[in-house]
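Colleague: I'm new to this one. Could you walk me through how to read it?

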Amino acid sequence: MNVRIELMGYFHIIADGRLYDNVASKSRRGTRLIRYLILQRGRNVSSQRLIRELSSGTRYDNPENAMKTLVSRTRALLNEISSGLGGCIASANGGYFWQSLPGVEVDVLEIMDILDQLHADPPFEVRAALTEQLLDKYLGELEDEYWLHREYLEAIYAYVVQLKTNEAYNKIIDVCKRALTIDEADEQLHIFLMEALTSLNRSNEALSEYRHVARQSQQYFGTELSDDMKA
């Protein structure tokens, strides 16, 4: 089995080199089930909790049977993509959990693992390697999961602060530009970028960046720049 499940940006599955980007259209509730279980990172979730989380206000005469049917159909959908892939939705003690079988990769789990390692405050060389991996893998947003977005930004900030200590301004520019493709409106990334440009005596570029941010802030958000940005 050679399968990669990607939730960041939009949901799709790549199996043996073939892209399956219609999973959500085939079963929106099945996609929500997969996503929810993946985000629990192996924790067993009771049927009752899954019913509450996934029902969206829908009432069923027999919720337990409705959940069993959803799980069965979702497993079947995954097995159509790759034989045995449905086994990633496992059951135990009246609940369900996600287990990534051998040969199965999930982008958001990789990202969360990187963030866990960064939380341990590793040495700079390790932090640099992990943050570069994070930039490579974080290619879109996970809808309704703003906590993950915040953790991503905090990891980038911490890396840039250490790069500033090493006066690695060219690297800061590269990192900030890559991170801004994910969150173009993040003020702190723009500040880091302008500071790095200024430190390299590229003041015209820094001023151009400032004017761009000012126009963007006024045009899209109708707000003035913060005092930190103006400073």
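Modeller: Let's start with strands 4 and 6 (residues 95-98), which pair in the antiparallel sense over two bridges. Strands here are DSSP runs of E with at least two residues, helices are runs of H or I with at least four, and both are numbered from the N terminus. This is a predicted model, where local features need pLDDT of at least 70, side-chain atom pairs count only at pLDDT 80 or more, and totals for chains, interfaces and linings use all residues. Residues are numbered from 1 along each chain as its sequence is written, and side-chain values use heavy atoms, with hydrogens and water left out.

Colleague: How do I read a sheet, and what is the strand order in this one?

Modeller: Strands of a sheet pair through backbone hydrogen bonds, either parallel or antiparallel. Two strands count as paired if DSSP finds at least two bridges between them. Here three strands make an open, antiparallel sheet in the order 4-6-5. Strand 4 (45-46) and strand 5 (89-92) are the edges, each pairing on one side only.

Colleague: What do the residues lining the largest pocket divide into?

Modeller: Ala, Val, Leu, Ile, Met, Phe, Trp, Tyr, Cys and Pro count as nonpolar, Asp, Glu, Lys and Arg as charged, and the others, Gly among them, as polar. This lining has eight nonpolar, three polar and eight charged residues.
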